[in-house]
Each structure stands twice: as structure tokens, then as C-alpha cells.
Amino acid sequence: MKKPTAVRKPKAEPKVKPGLGEGFELTVSSPALLANGSDRDFRRLVHNLFGFLARHEAIREGHGAFIGLAGIEYTVLISIAHLSTDADVSVRDVAEHLHLSGAFVTTVTNRLLTKGLIAKRTDPTDRRRLCLTVTRQGRDLLATLAPTQRQVNDVQFDGISAEEFRSLSSMIERLIECSGRAISLQRYLADNARATVPTKLPVRSR
């Protein structure tokens with residue numbers, strides 16, 4: 001008499017590791033950022049952002065180098081050019097547009113001023129305010145860069161639809177605002193952590 005064939009039990013689904021791996025804590029707790037209780041997709045996003053930003057920085061430096069400028073000098077120059085099409089531009093306007101400190105932007109604009117790429121004039125309605133404009137030399141540099149810039153930028157954002165582009169722009173603006181709050185929280189928590197660390201008593205010599 002033949003023995004009945006044993007029924008194989010289906011393999012159990014592998015358990016999702018909660019964090020980076022066995023023994024690691026989750027790096028995020030918001031349900032929207034977790035997949036089946038795991039933060040692996042979140043870590044992938046963060047690391048991909050790192051890769052994208054590193055490449056974007058290299059492209060920005062390349063744009064600047066093409067016209068003999070540092071990357072940040074190019075960024076401030078083109079920001080002044082674009083912002084000035086709508087209204088007079090101050091250092092504060094550029095700083096808010098680029099999410100940088102006013103002191104840092106002042107340093108960069110002074111370098112551009114020395115190179116003759118921008119000019120400063122007093123605002124006729126508020127003599128305490130200085131307005132920035134791009135000089136003819138500055139406009140010529142940006143015009144020289146434009147053909148190469150268009151080709152490179154088109155390739156960098158190749159494959160993104162108009163709808164995806166609008167969604168990405170909206171998400172980036174929200175992430176910048178949230179990141180500012182995250183930095184403030186991080187500093188607050190770090191200060192509190194340092195305040196609670198007991199001061200070591202000096203060791204008395206015997």
C-alpha cells in the first residue's frame with residue numbers, strides 16, 4: 001500500500017526587517033514614509049537625492065566654469081537676471097530666492113561687483129535699500145552660456161513630463177520648508193542632549 005504523498009506547506013513570507021537591517025532602528029516613523037513597516041524605501045529615496053544633488057552641483061559648477069565663474073557666482077548672477085525681470089532686486093530678495101543668508105549673498109555679490117558683472121544703485125523709494133542689476137558684461141556672459149546650458153539642462157531632466165515637472169517643483173518647495181523646520185528641531189534636540197550630559201568631575205591627584 002502506497003504512503004499518502006505529504007502535502008508541502010507553503011513557504012512563509014519573509015518577515016520585513018523593521019529598519020536598515022537586523023538590529024537597526026527605524027530612521028523614520030511617519031506612516032506615509034514606511035512600506036510594510038520598513039524604512040528601506042525612505043533610505044533609498046534619501047540616498048538617491050544625495051546622488052542627484054551631487055550631480056546637480058557638478059553641473060552647476062560646470063555652468064559657472066564655462067564663463068569663468070565659481071558655481072555660486074553663476075547662480076547668484078543668473079538669479080539676479082531672472083528676478084530683475086519682474087521688479088527691482090535687493091540682496092534680501094536673492095537670499096530668500098536661493099534660501100541663503102543675506103551675509104553670504106552679500107559676499108558673493110561683492111565679488112560679482114568687482115568683476116563688473118553686476119551694478120548696485122540706491123532704491124529711489126528707500127535710500128537704505130540697494131538694488132542689484134546685471135551689467136552688459138554680465139548679460140553677455142549669460143548669453144554665451146545659454147546654448148550649452150539648454151542642452152545640458154534638457155538632458156538632466158530628460159523624461160520628465162510637464163505634469164511631473166510641476167509636481168516636482170511643488171514638492172521641492174514643500175521639502176525646503178520642512179527641511180528648515182527639521183534643522184531647527186535637530187539643533188534644539190542636540191542642545192538639549194548636551195545640556196543633560198553630566199559634567200565629569202576633575203580627577204584629584206593622589
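Leaving aside its neighbours within four places in sequence, which residues is F66 in contact with?

Reply: This is a predicted model, in which local features need pLDDT of at least 70 and side-chain atom pairs count only at pLDDT 80 or more, while totals for chains, interfaces and linings use all residues. Residues are numbered from 1 along each chain as its sequence is written, and side-chain values use heavy atoms, with hydrogens and water left out.

Apart from neighbours within four places in sequence, F66 is in contact with T144, L145 and T148, where contact means heavy atoms within 4.5 Å. F66 and T144 are 78 residues apart in sequence, yet their C-alpha atoms are 8.9 Å apart in space. F66 has its place in helix α1, residues 40-66; helices (H or I, at least four residues) and strands (E, at least two) are DSSP runs, numbered from the N terminus. With a relative accessible area of 44%, F66 is partly exposed, a class that lies between buried, under 20%, and exposed, over 50%, as found with a 1.4 Å probe on protein chains only.

Seen as a whole, the protein chain has six helices and two strands, and from the N terminus on its elements run α-α-α-α-β-β-α-α. Of its 206 residues, 22% count as buried. Among contacts between residues at least 6 apart in sequence, 39% join residues at least 24 apart.

Helix α1 also gives the most to the lining of the largest pocket, with 13 residues. On a 1 Å grid over the protein atoms alone, a pocket is an open set of points where a 1.4 Å probe fits, with protein on both sides within 12 Å along at least five of seven lines, and lining residues have an atom within 4 Å of a point. This pocket holds about 2400 Å³ of space, where a volume is the space filled by probe spheres set on the points, which are joined across faces, edges and corners. The pocket is lined by 42 residues, and F52, L53, H56, I172 and I176 lie nearest its centre. By class, the lining has 24 nonpolar, 13 polar and five charged residues; Ala, Val, Leu, Ile, Met, Phe, Trp, Tyr, Cys and Pro count as nonpolar, Asp, Glu, Lys and Arg as charged, and the others, Gly among them, as polar. Besides α1, the helices α2, α3 (91-98), α5 (136-156) and α6 (162-196) each supply at least two residues of the lining.
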